[in-house]
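Please read this note with the sequence and the model side by side. The points can be checked in the order given.

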Amino acid sequence: MPDRPNALELLEAVREFLADEVLPRQSDQRMKFRTLVALNALGIASRELSAEPRNSLLEGDAELARRIRAGDVPEDAVPRLKEHVAAKLRISNPAYLEKYE
Amino acid sequence: MIPDWLAELGAERAQLLPGGASKEAWAVDVDGQQLLLRRAGGSVIHQGTLTLAQEFEVLRAAHAAGVKVPRPIAYYPELGGREAFAMERVQGETIGRRIVREPPPGLPVQMAEELAKIHAIPRERLPFLVELDPVERMRRELDGVDEPHPAIELGLTWAAERLRRDRAPVVTHGDWRIGNLVVTERGLGHVLDWEFAHVADPAEDVAWPLVRAWRFGADERRLGGVGDVEPYLERYVELTGADVTLDELYVWEVLGNAKWAVGCLTQARRHLDGLDRSVELAVLGRIAAEMEYELLDLIGRA
């Protein structure tokens with residue numbers, strides 16, 4: 001075990017620094033935007049570190065991708081892949097899934 | 001501070017605008033003229049994009065065809081060690097999020113009229129433009145990413161089985177969407193960003209602004225967040241005589257989502273491979289999943 005703060009806590013410290021000290025001092029629109037993108041990146045990293053280990057569905061990715069390209073599309077491909085992509089989105093952008101509810 | 005190579009042009013004022021590392025954009029004033037100078041950057045340019053010399057030729061051809069583009073001024077094979085071209089610097093809004101807040105009501109029909117003019121540009125005038133199979137091109141780019149993406153593969157396979165292949169190809173803009181159009185309160189001002197021009201089925205351009213990512217949050221307006229698809233398609237068909245249908249646009253919309261997903265992945269690779277280090281490009285690698293979900297949803301509802 002590493003000493004505290006652990007990886008998640010370090011990300012949180014950097015997030016707070018960017019949000020509370022760097023962002024309010026940006027007058028340039030471009031820098032403001034880039035700071036928000038950086039905050040988004042930290043959010044993704046935090047959610048990934050706190051998430052359950054990737055489930056087994058994801059391990060057959062390469063084989064499934066090859067089958068589909070060859071035109072051999074499994075009958076349940078759409079619901080199966082939706083679940084797989086939704087799992088990625090719960091880490092990268094949970095709010096995005098709300099558009100589909 | 002004006003660099004020497006711009007001072008030699010007689011620049012009175014010059015400002016480097018924020019943008020990508022592969023191509024620079026400078027706002028330059030020369031003899032009271034307001035110019036925009038595009039110049040090669042230090043980094044390797046994206047695969048599948050035109051050189052600045054070619055982009056300038058496309059701009060000239062579009063201008064000659066009566067398309068609303070910034071007036072092309074001059075091409076410079078060597079400006080401070082790199083190629084560049086100058087065009088008129090135009091005024092108006094290009095930020096998608098701001099345009100969709102209050103889009104001018106005439107914009108969809110104006111988009112159709114401009115696109116019809118683009119698709120009438122004589123192909124012989126631009127012999128360097130290549131014709132590419134859209135599905136094969138994306139599969140090749142996806143292979144370059146070297147990471148399995150079964151959802152994108154499904155989008156490509158699904159679309160490949162449904163695409164028409166019998167329509168005569170035309171000169172296409174290649175990135176026809178809100179964000180690459182200058183919009184004023186009167187509507188469409190100018191068409192920008194010609195570096196992805198190629199030869200393809202015109203339906204590819206027609207459908208590209210329908211992709212959800214290019215609605216900039218205004219999801220209920222399917223045409224680029226600015227309006228309905230029907231009046232846009234009707235006007236386009238009326239002007240060109242091309243028998244593009246709504247069903248066909250749906251297939252191209254699925255393909256468009258696959259294309260932008262692949263685009264995000266390849267841009268993230270530019271960061272990972274050290275060609276263009278940037279947190280914005282890095283994050284795109286994780287945004288691709290949004291297009292994957294959208295294309296699965298479209299296929300599920302077809």
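The numbered points below go through some features of this structure.

1. The model is predicted. Values quoted in the points that follow should be read with that in mind.

2. Chain A falls into two domains. Domain 1 covers 1-50 and domain 2 covers 54-101. Taken over C-alpha atoms, the centres of domain 1 of chain A and domain 2 of chain A are separated by 28 Å.

3. Chain B has an open sheet of five strands, with the order E1-E2-E3-E5-E4 and antiparallel pairing. Its edges are strand E1 (11-17) and strand E4 (72-79) of chain B, each of which pairs on one side only. From one strand to the next, the twist averages 25°.

4. Strand E2 of chain B, residues 23-30, pairs with strand E3 of chain B, residues 33-40, in the antiparallel sense. Eight bridges join E2(B) and E3(B).

5. How do helices H4 and H8 of chain B pack? Helix H4 of chain B spans residues 107-118 and helix H8 of chain B spans residues 229-240. Their axes lie 8 Å apart, at an angle of about 30°. Angles under 35 degrees count as roughly parallel, and H4(B) and H8(B) are therefore roughly parallel to each other. Their crossing is right-handed.

6. Which residues make the contact between H4(B) and H8(B)? From H4(B) come Pro108(B), Val109(B), Met111(B), Ala112(B), Glu113(B), Leu115(B) and Ala116(B). They meet Pro231(B), Tyr232(B), Arg235(B), Tyr236(B), Leu239(B) and Thr240(B) of H8(B). By class, the residues of this contact are 10 nonpolar, one polar and two charged.

7. The two chains touch each other. Chain B gives 24 residues to the contact, and chain A gives 28 residues. On the side of chain B that touches chain A, helix H6 (150-160) and helix H10 (279-301) of chain B each supply at least two residues. The largest share of that side comes from H10(B), with 14 residues. The residues of the side of chain B that touches chain A divide into 13 nonpolar, three polar and eight charged.

Key. Residues numbered from 1 in each chain as written. Chains lettered and ligands numbered in written order. Predicted model: local features only at pLDDT ≥ 70, side-chain atom pairs only at ≥ 80, totals over all residues. Axes fitted to C-alpha atoms, helices over the stretch in contact; angles between N-to-C directions. Helix = DSSP H or I, 4+ residues; strand = E, 2+ residues; numbered from the N terminus. Parallel < 35°, antiparallel > 145°, perpendicular 65-115°, else oblique. Left-handed = near helix turned anticlockwise from the far one by under 90°. Contact = placed C-beta atoms within 7 Å. Nonpolar A, V, L, I, M, F, W, Y, C, P; charged D, E, K, R; others polar. Domains from an automatic or database assignment. Pairing = 2+ DSSP bridges.
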